[in-house]
Amino acid sequence: MSETAFITIKNLSIGYNSRSGDVIPILRDVSLDIRRGESVGLVGESGSGKSTLALAGLGYFKRGLRVLDGSVHFNETDMLALGRDDLQRIRGGQIALIPQNSGQSLTPTLRVGKQLIEALRLHSDLNSKNFNSRVVELLEQVRLPDPMAMIRRYPHELSGGQQQRVAIAMALAGEPEALLLDEPTTGLDVTTQAHILELLRDLARDRNMAMLYVSHDLGAIARVCDRVVVLYAGEIVLHGSAVQVLGKPRHPYARGLLSSIPRLNQTSMPMSLDGRPPMPGETINGCAFSDRCVLSDEKCTTSSPPLLALESGEEVRCYHSNLIDRIPINSKKVASFRKSGEVQIAAGLQRLAISYSKPSFLTTLFKKSSQPPNTVDNINIDIKKGETLGLVGESGSGKSTILKAIAGLISPKAGKIILDGTIELSARVEDRDAMNLRKIQLIFQNPDDSLNPRHTVGQILAQPLRLYFGLKGNILRQRSADLLDRVRLGAHYLDRLPSQLSGGEKQRVAIARAFAADPEIVLCDEVTSALDVSVQAAVLNLLDELKTEQKTTYIFVSHDLAVVKAISDRVAVLYQGRLCEVGPVNSVYQAPFHPYTDALLGAVLEPDPYITPVLSADDIVELSPPAKGCPFQRRCPRKLGTICETETPPGRQIGLGHIINCHIPNNEL
Amino acid sequence: MFLMLIRRIFLGMATIGLVSVIIFSGVELLPGDACTQFLAEDQADREMLAQCREDLDLNRPALDRFSEWSGNAILGDFGVAADGITKISTIVGDRLKNSLLLAFCSLVVGVPIALFLGVISGLWRDRLPDLFASTLAIFAMTVPEFVSATLLILVFSIWLEWLPGIVLTSAGAPASEFFPEILLPVVVLSLVMCAHILRMVRSSVIEVLASDYVQMATLKGVPYWQMVFRHALPNALLPAINVVALTIAWLLGGVVVIEVVFNYPGLGRLMIDSISDRNLPVVQSIALIVASVYVCVNLAADLLTMVANPKLRTIYSRS
């Protein structure tokens with residue numbers, strides 16, 4: 001611990017000039033030391049300034065931003081005083097960045113090998129003859145298969161996980177002493193994320209690198225970091241060891257954040273953190289968190305608390321950190337399970353098959369038609385009235401495709417979709433009558449894309465009300481206001497445009513629009529994935545309340561297993577468009593498992609430094625499902641043999657309503 | 001990849017075929033025919049008309065004539081003009097050659113300047129070089145061609161007497177004889193063309209400079225100019241290919257105003273003259289040629305984009 005700091009950020013404030021000429025700070029008075037061989041996590045919600053801080057470590061500021069005060073030192077060099085040439089030598093050489101979205105951070109017109117060689121040419125003393133072998137070595141080090149072929153590829157020819165590995169290899173090319181990681185695993189599948197984090201941990205340990213790990217994901221932070229810094233509204237509010245911050249956070253915000261994350265070992269709904277962080281430039285009286293804090297009193301709203309060191313070693317910006325235990329960390333609330341007596345079927349999927357490939361006239365003319373396997377195949381599920389069915393799986397598992405087929409946006413190739421047990425729905429949405437359309441509503445992942453930016457909230461809600469119920473004038477407005485009340489937004493939102501709302505508010509409007517149709521089935525497509533964790537908890541709670549009031553049926557698609565566990569009654573696990581396992585939520589999340597479910601659950605990262613992920617399957621990305629046999633055959637760690645390649649696994653009854661599609665006998669699963 | 005090439009060529013040919021059908025039927029549907037227009041209607045007696053129709057072979061069914069016309073057109077023979085004597089391929093051929101000359105010179109002058117200025121103003125966004133180039137571009141775009149052409153004639157050929165103001169060379173003369181008469185039209189066309197391409201390149205460069213991969217290259221320690229030439233420009237210039245292609249097509253068929261102002265014997269002016277003379281066979285042929293130019297140039301641009309853009313290459317080789 002006595003070793004001097006390697007990266008020193010001191011009293012750093014960064015801001016920009018607003019159009020009216022005011023200086024708007026984004027980071028305020030942030031100080032942080034990182035030693036060699038140490039990894040520090042930087043946590044905060046979107047807009048908290050965490051990425052800005054990481055880039056400042058490289059002496060880089062996005063267009064418009066400037067340093068208001070403070071200093072950044074790297075290895076005793078003042079990064080803010082360096083000229084362009086010196087910065088070029090340090091960047092990528094001594095400190096390297098691993099960016100958030102590698103898909104967009106690799107130059108699309110250059111082959112992967114060329115981009116890596118460029119980094120070598122800039123930052124290593126190697127003879128240019130040895131570049132190629134060094135590149136292969138780097139790619140092997142990040143565990144990319146077939147490096148010789150990889151260097152010939154263009155970035156878009158790689159999967160997300162492979163792109164991220166290339167970005168890591170590129171960062172390692174200059175043999176840096178420090179790594180800055182800006183959300184390096186956000187947007188990757190759970191298994192891929194877990195593998196990348198293990199790789200980063202190993203690399204940091206082997207090379208004794210200093211790491212600054214920026215993320216909103218406390219699970220990833222818990223896995224990689226020794227110390228954690230929590231940012232709120234551009235200020236450090238809590239700083240301590242990973243065990244302290246994630247185990248018993250002494251700041252109300254950190255505590256709220258932690259309890260808003262759904263966990264695998266919990267059956268209750270996550271607690272929501274009400275309110276929203278102040279926008280940059282908003283006047284803050286006293287503590288920035290005071291208006292969202294249950295401990296807040298008069299002192300908190302009048303004077304801003306200093307960052308104080310506690311006896312236990314943490315630094316915390318709160319007057320009441322000794323009262324922290326008064327804030328409950330676990331909600332008692334459990335998702336409202338449907339009444340067990342109800343057996344009416346809301347929707348049934350019978351042997352549903354969907355294929356995206358439609359051979360065009362010309363390809364059939366020139367090519368012999370070879371039918372690729374269906375994207376989604378042989379899906380049989382009944383969804384009971386009032387239940388929530390969770391659909392989980394990695395990207396490419398066909399979960400969103402199934403939703404689109406139910407909504408009528410894609411025509412299935414075969415199979416039936418039955419509504420209310422009797423009505424067979426037409427494949428195309430144009431052929432469905434208004435009554436059936438009204439009964440099924442869809443909520444999309446990203447409200448920025450699903451709400452028309454030129455319509456006010458009132459206009460957005462009026463559309464379904466006018467279309468399905470013919471409402472007009474005052475009644476229409478009254479009904480819209482009621483809907484907004486039900487999603488915990490007031491009638492004063494009616495005249496606002498989506499751009500004037502926060503992410504969580506937009507998603508509430510999207511939910512209100514779905515419920516305006518008074519639907520029987522609501523299809524939720526990754527509805528919380530684009531939201532911050534605290535907002536996610538609020539949206540989950542809202543969905544659950546609406547379900548209790550309306551007796552709605554949900555089909556809830558998500559890649560996040562903990563979220564699905566919190567809200568679902570039953571879960572279906574999908575791989576490559578085929579069902580692996582279906583059953584009541586508690587049975588699926590417990591042994592016996594389908595090998596794929598086992599791999600998925602093992603890879604989930606929980607915000608607890610003591611939990612180690614279990615990586616059972618490789619994180620290879622498959623582009624298309626196998627033509628026959630079990631969909632998981634190519635990655636399965638427990639593959640039996642040729643039977644898995646030739647025969648579709650049978651659906652074995654494990655418990656009541658719990659079915660696993662696998663060749664492995666029940667008692668060995 | 002090869003399949004897709006064949007497919008695109010096939011589609012291009014189908015497009016030209018469709019265009020030829022539309023042109024031919026359009027001409028057929030017009031009241032009267034080549035003979036009624038050639039022989040002023042009131043004077044023409046029935047015999048002369050019949051004789052003319054016999055000469056021009058107009059009595060056969062339309063389908064027969066279309067297949068013959070299109071068949072010959074493929075071989076470069078467009079038949080005879082409305083006077084029944086002049087071969088269309090000779091008139092149009094000379095004009096096409098002149099238009100190609102004008103287009104080629106304008107491209108050689110205009111495109112490099114446009115790309116250069118576009119890149120400069122993108123890199124120095126909102127600073128002096130950008131303000132200068134962008135203002136000039138807006139000026140060149142908003143001032144109508146005939147105004148800038150007239151101004152240039154006024155300055156360079158009337159006041160300074162450096163260059164001839166109009167083209168007096170006959171349509172059939174060899175290319176070399178058009179110099180220096182061709183210079184002023186080339187300058188005007190380059191100006192207009194430059195403005196469009198410059199604006200497009202500028203916004204494309206700005207967009208690419210704000211991209212994640214340019215930021216990443218900078219943070220990897222790539223020196224500024226290396227970043228510009230290796231990471232930014234290859235991506236920023238991709239959309240320019242299509243714009244240049246459309247410009248080529250425009251230069252060959254759509255610069256009538258300039259041709260008229262400078263008395264340049266190009267394809268556009270022949271088209272206008274033929275329309276006012278109601279010389280329908282010639283109009284028909286020019287329309288077909290211009291349509292084919294559009295199709296070919298676009299095909300070439302698409303192929304070139306594909307060569308330059310690895311992403312598109314993958315998409316096409318998969319489909």
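Predicted model: local features only at pLDDT ≥ 70, side-chain atom pairs only at ≥ 80, totals over all residues.
Residues are numbered from 1 along each chain as its sequence is written, chains are lettered from A in the order in which they are written, and side-chain values use heavy atoms, with hydrogens and water left out.

Chain A holds an open sheet of 4 strands in the order S2-S1-S4-S5, with antiparallel pairing; strands are DSSP runs of E with at least two residues, numbered from the N terminus, and two of them pair if DSSP finds at least two bridges between them. Strand S2 (23–34) and strand S5 (77–78) of chain A are the edge strands, each pairing on one side only. Strand S1 (residues 7–17) of chain A runs antiparallel to S2(A) over 8 bridges, and Ile14(A) stands opposite Leu27(A) in S2(A).

Over all chains there are 34 salt bridges, each a side-chain nitrogen of Lys or Arg within 4 Å of a carboxyl oxygen of Asp or Glu. One of them links Glu118(A) with Arg230(B), whose closest N and O atoms are 3.9 Å apart. Because Glu118(A) lies in helix H4 (residues 112–123) of chain A and Arg230(B) in helix H10 (residues 224–236) of chain B, the pair joins two chains; helices are DSSP runs of H or I with at least four residues.

The second largest pocket has a volume of about 930 Å³, a pocket being, on a 1 Å grid over the protein atoms alone and with a 1.4 Å probe, an open set of points with protein on both sides within 12 Å along at least five of seven lines, and lining residues having an atom within 4 Å of a point. Of its 27 lining residues, the closest to the centre are Tyr60(A), Arg63(A), Leu209(B), Thr218(B) and Tyr224(B). H9(B) gives the largest share of this lining, 4 residues.

On chain B, a nonpolar surface patch of about 910 Å² includes Phe146(B), Trp159(B) and Val257(B); patch residues have over 30% relative accessible area and no salt bridge, with nonpolar side chains joined within 5 Å. Helix H7 (residues 145–159) of chain B gives the most to this patch, 6 residues.

Finally, the whole structure has 7 cavities of 30 Å³ or more, where the probe fits but cannot get out. The largest holds about 80 Å³ of space, and Pro595(A) and Cys630(A) are among the residues closest to its centre.

Conventions. Points joined across faces, edges and corners; volume = space filled by probe spheres on them. Patch = residues over 30% accessible without salt bridge, like charges linked within 9 Å, V, L, I, M, F, W, Y side chains within 5 Å. Areas by Shrake-Rupley, 256 points an atom, 1.4 Å probe, with all protein chains shown as cover.
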